[in-house]
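The sequence and the coordinates are shown first, and the account follows them.

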Amino acid sequence: MNQIRRRNFLKVLGLVTVFGLFGFVNKNSSIDDPMLKKGKKKIMKLRPHHILDIITGYGHGVEYKPHPYGHSQHIVAKAILSDLDIKIKLVIGADAVCQGCKHLLPDGQCDDVLQQLDPPISKQEYNDTLDYRLLDYLNINRDTVTTIREYLEIVNKKVPGIERICTHPKEDQKERLNGLTKGLINLGIRSDS
Ligand code: SF4
């Protein structure tokens, strides 16, 4: 048990070090640092739906790995799944996941396009609309500072139901609900009954 705790501690320590680099990586960019400093603690900026994407993937048993886009979803996933008490700010805009992405422009906009939609739309527009809808549905203000645990507890009260908002185009709504539910159970946010 102690060994497991020690391994988890070292894993978290490594991740903290990686996140500490974000400010440096982003030094010459005009977008905000995705890790905001508040007092002595750092706060990770995250889009509400990016968190749900990670929890859903976790429920489906996805192993997060570096993506060809170069974004940081795999790093963020490990960080939030290993520490639910991590401080976050729920933003509508570029976040910690976007760090390193080839589609992230210096002004913080995303230049990717959702070609699977007819007509195709900008991912920036799609993401912003989705996150506004999610925060509205969850009755959370934009830029709220909270923890992953507190955010997921609010989400859990809207399961089922929230999948009608957060399911992406071409994704199956039942599968979305299934993954999100399992992810919440695996993290101890939801009881398995
Ligand atoms: S939202 Fe855009 S910039 Fe951010 S990770 Fe996705 S594709 Fe990259």
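The sections below treat the fold, the core, the helix contacts, the ligand shell and the backbone.

**Overall architecture**

The structure is a predicted model. Its secondary structure consists of eight helices and six strands. Read from the N terminus, the order of the elements is α-α-β-β-α-α-β-β-β-α-β-α-α-α. The protein has 193 residues, of which 28% are buried. Among contacts with a sequence separation of 6 or more, 67% join residues 24 or more positions apart.

**The nonpolar core**

The largest nonpolar core holds 30 residues, and within this core Leu46, Ile51, Ile55 and Ile80 touch the most other members. Two or more residues each are given to this core by strand S2 (41-46), helix H3 (48-59), helix H4 (73-82), strand S3 (87-90), helix H6 (148-156) and helix H8 (173-186). H3 supplies the largest share, five residues. In soluble globular proteins, nonpolar side chains tend to be buried together.

Leaving aside residues up to four places away in sequence, Ile80 touches Ile51, Ile54, Ile86 and Ile148.

| Helix pair | Angle between axes | Distance between axes | Residue classes in the contact |
|---|---|---|---|
| H3 and H4 | about 75 degrees | 10 Å | seven nonpolar, one polar, no charged |
| H3 and H8 | about 85 degrees | 6 Å | five nonpolar, seven polar, two charged |

The angle of about 75 degrees between H3 and H4 lies within the range of 65 to 115 degrees that counts as roughly perpendicular, and H3 and H4 are therefore described in that way. On the H3 side, this contact involves Ile51, Ile54 and Tyr58, which meet Gln73, Val76, Ala77, Ile80 and Leu81 in H4. The residues of the contact comprise seven nonpolar, one polar and no charged.

With H8, the packing angle of H3 is about 85 degrees, and the axes are 6 Å apart. H3 is therefore roughly perpendicular to H8. H3 contributes Leu52, Ile55, Thr56, Gly57, Tyr58 and Gly59 to the contact, while H8 contributes Arg176, Gly179, Leu180, Thr181, Lys182, Gly183, Leu184 and Asn186. By class, these residues are five nonpolar, seven polar and two charged.

Lys182 belongs to helix H8. Lys182 counts as partly exposed because 18 other C-beta atoms lie within 10 Å. Although Lys182 and Gly57 are 125 residues apart in sequence, their C-alpha atoms are 9.5 Å apart in space.

**The ligand shell**

Which residues are around the ligand? They are Tyr69, His71, Val97, Cys98, Cys101, His103, Leu104, Cys110, Asp112, Lys123 and Asn127. This shell divides into six nonpolar, three polar and two charged residues.

**The loop between S3 and S4**

Gly93 is placed in the loop between S3 and S4. With 18 C-beta neighbours inside 10 Å, Gly93 counts as partly exposed. Gly93 and Gln109 are separated by 16 residues in sequence, and the C-alpha to C-alpha distance between them is 7.5 Å.

**Backbone features in loops**

Two cis peptide bonds deserve mention. One runs from Asp118 to Pro119, with omega near 0 degrees, and Pro119 is situated in the loop between strand S4 (113-114) and strand S5 (121-122). Another runs from Val159 to Pro160, with omega near 5 degrees; Pro160 lies in the loop between H6 and helix H7 (163-166).

Positive phi values are also found in residues other than glycine. Asn139 has phi near 60 degrees and is located in the loop between helix H5 (123-138) and strand S6 (145-147). Asp143 has a positive phi of about 70 degrees, and Asp143 lies in the loop between H5 and S6.

Are these two residues, Asn139 and Asp143, buried or exposed? Asn139 counts as exposed because Asn139 has 8 C-beta neighbours inside 10 Å. Asp143 has 12 such neighbours inside 10 Å and therefore also counts as exposed, given that the exposed class covers residues with 12 or fewer.

Technical notes
Residues are numbered from 1 along each chain as its sequence is written. This is a predicted model: local features need pLDDT of at least 70, side-chain atom pairs count only at pLDDT 80 or more; totals for chains, interfaces and linings use all residues. A nonpolar core is a set of buried Ala, Val, Leu, Ile, Met, Phe, Trp, Tyr and Cys residues joined through C-beta atoms within 7 Å. A residue is buried if 20 or more other C-beta atoms lie within 10 Å of its own, exposed if 12 or fewer, and partly exposed in between; C-beta atoms are placed from the backbone. Helices (H or I, at least four residues) and strands (E, at least two) are DSSP runs, numbered from the N terminus. Two residues are in contact if their C-beta atoms, placed from the backbone, lie within 7 Å. Axes are lines fitted to C-alpha atoms, for helices over the stretch in contact, and angles run from 0 to 180 degrees between N-to-C directions. Angles under 35 degrees count as roughly parallel, over 145 as roughly antiparallel, 65 to 115 as roughly perpendicular and the rest as oblique. Ala, Val, Leu, Ile, Met, Phe, Trp, Tyr, Cys and Pro count as nonpolar, Asp, Glu, Lys and Arg as charged, and the others, Gly among them, as polar. A residue is near a molecule or strand if its C-beta atom, placed from the backbone, lies within 6 Å of it.
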